[in-house]
Amino acid sequence: MIVLDGGMGRELARIGAPFRQPEWSALALIEKPDSVREVHDSFAMAGADILTTNAYAVVPHHIGEERFQRDGARLARLAAELARAAADAATPRRRVAASVPPLFGSYRPDLFEADRAHELWEVLVKAQADLSDLLLGETLSSIEETNALLDVCLRTDLPIWLSATLDDDQPTLRSGESVSAWLEAVDAADPDHRVEAILFNCTQPEMMADGVVEAHGHAARRDRPIGVYANAFPKQGRAATSNKTHHTLRDDITPDRYVQFAAEWQSLGATMIGGCCGVGPDFISALKARLAA
């Protein structure tokens with residue numbers, strides 16, 4: 001099993017790094033980048049095999065249009081440099097996944113702007129590509145968003161992993177489109193089999209098993225591994241916003257409980273497991289100790 005890392009933003013907040021809305025995890029890149037390296041090191045020490053760059057909030061939605069135009073490429077580059085340094089310092093050496101995030105708000109396919117997406121994603125991908133081992137399209141909410149992201153990522157030579165966020169009430173994408181329809185669309189857009197893994201992220205743990213089951217048969221036809229990295233948020237409605245308030249974290253999602261969920265995902269075919277928002281190094285350490293073997 002490949003152990004992924006956990007959520008960067010809440011771990012930055014936990015260690016006292018600069019952290020607020022709307023900048024979210026990008027604020028630490030701006031004001032205290034050493035704290036980002038500290039979190040990467042913590043996840044590596046916990047046993048994560050993959051370190052994901054802290055570029056998730058380096059988008060106009062979080063840092064503003066003016067700052068993105070001025071500093072977006074530099075901040076994304078810094079995020080990749082910090083992850084690369086931590087990965088190279090770890091023993092054994094870890095791989096770096098370049099975060100290619102949602103541009104206009106997590107969970108909100110209705111806010112996607114196709115006419116702007118290519119230009120914005122190109123900035124982030126170009127800044128991170130040569131320091132990364134793969135591109136990770138995160139928290140994808142619709143087929144339209146996925147196709148646009150693939151159009152950008154396929155212009156590089158890097159392996160591509162795609163991760164969808166599921167509705168918290170039903171095992172579909174946040175757009176209402178089925179996992180099967182999403183995977184069929186990925187296949188149609190990827191005739192050369194550049195997409196190497198299919199994942200689900202930033203969704204309540206309870207919803208992930210259904211996603212894994214639906215994806216398993218389809219992914220197996222292309223020999224693609226399936227991954228899961230759930231969050232510890234309460235249920236997020238369809239009008240959820242990602243830069244207005246700090247969502248509370250669930251008290252019942254402990255490392256032990258998370259490992260129980262992860263064991264079910266593993267039994268259903270998931271071979272890549274980590275965590276998203278609210279899942280810290282202690283969770284990753286528990287996953288490594290109890291499932292990776």
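User: Is Arg-250 buried or exposed?
Analyst: Arg-250 is buried, at 16% relative accessible area. Buried means under 20%, exposed means over 50%, and partly exposed lies in between (1.4 Å probe, protein chains only).

User: What kind of model is this?
Analyst: This is a predicted model: local features need pLDDT of at least 70, side-chain atom pairs count only at pLDDT 80 or more, and totals for chains, interfaces and linings use all residues. Residues are numbered from 1 along each chain as its sequence is written, and side-chain values use heavy atoms, with hydrogens and water left out.

User: Back to Arg-250. Which salt bridge does Arg-250 form with Glu-206, and how far apart are the closest N and O atoms?
Analyst: The closest N and O atoms of Arg-250 and Glu-206 are 2.7 Å apart. A salt bridge here is a side-chain nitrogen of Lys or Arg within 4 Å of a carboxyl oxygen of Asp or Glu.

User: Where do the two sit?
Analyst: Arg-250 is in the loop between strand S7 (226–230) and helix H10 (255–267). Glu-206 is in helix H9. The pair is 44 residues apart and links distant parts of the chain. Helices (H or I, at least four residues) and strands (E, at least two) are DSSP runs, numbered from the N terminus.

User: And how exposed is Glu-206?
Analyst: Glu-206 is partly exposed, because its relative accessible area is 38%.

User: What about Arg-250 and Asp-252?
Analyst: Their side chains also meet in a salt bridge, 2.7 Å from N to O. Asp-252 has 41% relative accessibility, so it counts as partly exposed.

User: How many salt bridges are there in the whole structure?
Analyst: A search finds 23. One of them joins the side chains of Glu-65 and Arg-116, at 2.9 Å from N to O.

User: Which helices does that pair link?
Analyst: Glu-65 is in helix H5 (residues 65–89) and Arg-116 is in helix H6 (residues 114–128). They are 51 residues apart. Glu-65 is partly exposed at 39% relative accessibility. Arg-116 is partly exposed too, at 23%.

User: Which residues are linked in a network of salt bridges?
Analyst: Glu-66, Arg-70, Asp-71 and Arg-74 are.

User: New topic. Where is His-218?
Analyst: His-218 is in helix H9, which covers residues 205–221. His-218 counts as buried because its relative accessibility is 7%.

User: What is His-218 in contact with, leaving aside neighbours within four places in sequence?
Analyst: Leu-183, Glu-184 and Asp-187. Contact means heavy atoms within 4.5 Å. The C-alpha atoms of His-218 and Leu-183 are separated by 7.4 Å, with the two residues 35 apart along the chain.
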